[in-house]
Amino acid sequence: AEIRQLLLDMECRYFDASGKAVNYDAIGASTEFRDYQLCAMELQKVDLRSLSEAARMAFFINTYNILMIHGSIVYGPPSSALERKGFFSKVAYVIAGQHFTLNDIEHGILRANTKPPGALFRCFGSGDERLAFAMRKTDPRIHFVLNCGAKSCPAIKILSAENLEDALQAAAEGFCDEEVTVDQYGGSVRLSMIFKWYGGDFSESGSTRDLLLYVADFMNAGKGKALRELVEQHDERRTAVPVT
């Protein structure tokens, strides 16, 4: 609870109005960040087994977002693909006596130990004790509340078990409305890179068609209707909707 309050305080003072951009230098020099570092050391004592799945999901989403900020302050935000690969496998906290990197939290815990995009292996092997804390299945809406520092990432949200469902739903609706463009005249759709990186999370079939129908459910009535009609038109022609 204390860590969540410190994150709320930093959000008010050091995030821009969109919630996406963070003033890392200002946070690093702040008293809030000094207090946060002391609290972060207490994460090693957290009793994850006592948390419900909703509370555990909210905890790890908040932890991922603040760890991303913490790592960017200490090491600097990663600026290339190579730097990002090293950053996400290096930046870590000790939580409940276990070592968790950013990759471990996102792919091992929140994505139910699903392989990271382009990876050959899962984060956790069959005997890994951290598997006990993984989600039972991936809720694709986590991608709308995790901020990895990329331009296409969503705004940072502070979650709790009590507001989790409403926050995930609101984040999904806001992100899909803002980051998905339906060109009815050109007959195409522009998607955020998040949908391309994690397409399998949004559609079990892995098809672009099912992904677009999933997205349409979160868009406002007009845009959602336009997207469904576009999918239906291409169904009738037996062609795929062009996606950029």
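**Stop 1: M41**

Select M41 to begin; you'll find it in helix α3, residues 31-41. (Helices here are DSSP runs of H or I with at least four residues, numbered from the N terminus.) Before going further, note that this is a predicted model, where local features need pLDDT of at least 70, side-chain atom pairs count only at pLDDT 80 or more, and totals for chains, interfaces and linings use all residues. Residues are numbered from 1 along each chain as its sequence is written, and side-chain values use heavy atoms, with hydrogens and water left out.

Is M41 buried or exposed? Its relative accessibility is 51%, so M41 counts as exposed.

**Stop 2: α4 against α5**

Next, show helix α4 (residues 53-75) and helix α5 (residues 81-90), which pack at an angle of about 120° with axes 11 Å apart. (Axes are lines fitted to C-alpha atoms, for helices over the stretch in contact, and angles run from 0 to 180 degrees between N-to-C directions.) α4 and α5 are therefore oblique to each other; angles under 35 degrees count as roughly parallel, over 145 as roughly antiparallel, 65 to 115 as roughly perpendicular and the rest as oblique.

To see the contact, pick Y64, M68, G71, S72 and Y75 on α4, then F87, F88 and K90 on α5. (Contact means heavy atoms within 4.5 Å.)

**Stop 3: the F144 rings**

Ten aromatic pairs turn up in a search of the whole structure. (Rings of Phe, Tyr and Trp, the last by its six-membered ring, pair if their centres lie within 6.5 Å; planes under 30 degrees apart are stacked, over 60 edge-to-face and the rest tilted.) Select F144 and F175: their ring centres are 5.1 Å apart and their planes at 35°, so this pair is tilted. F144 lies in the loop between α6 (102-110) and α7 (164-179) and F175 in helix α7, so the pair ties together parts 31 residues apart in sequence. Both F144 and F175 are buried.

To show the cluster linked by ring pairs, select F144, F175, F195, F202, Y214 and F218.

**Last stop: P242**

Finish at P242, in the segment after α11 (221-237). P242 is partly exposed, at 39% relative accessible area.

Terms used
Helix = DSSP H or I, 4+ residues; strand = E, 2+ residues; numbered from the N terminus. Buried < 20%, exposed > 50% of the residue type's maximum accessible area, 1.4 Å probe, protein only.
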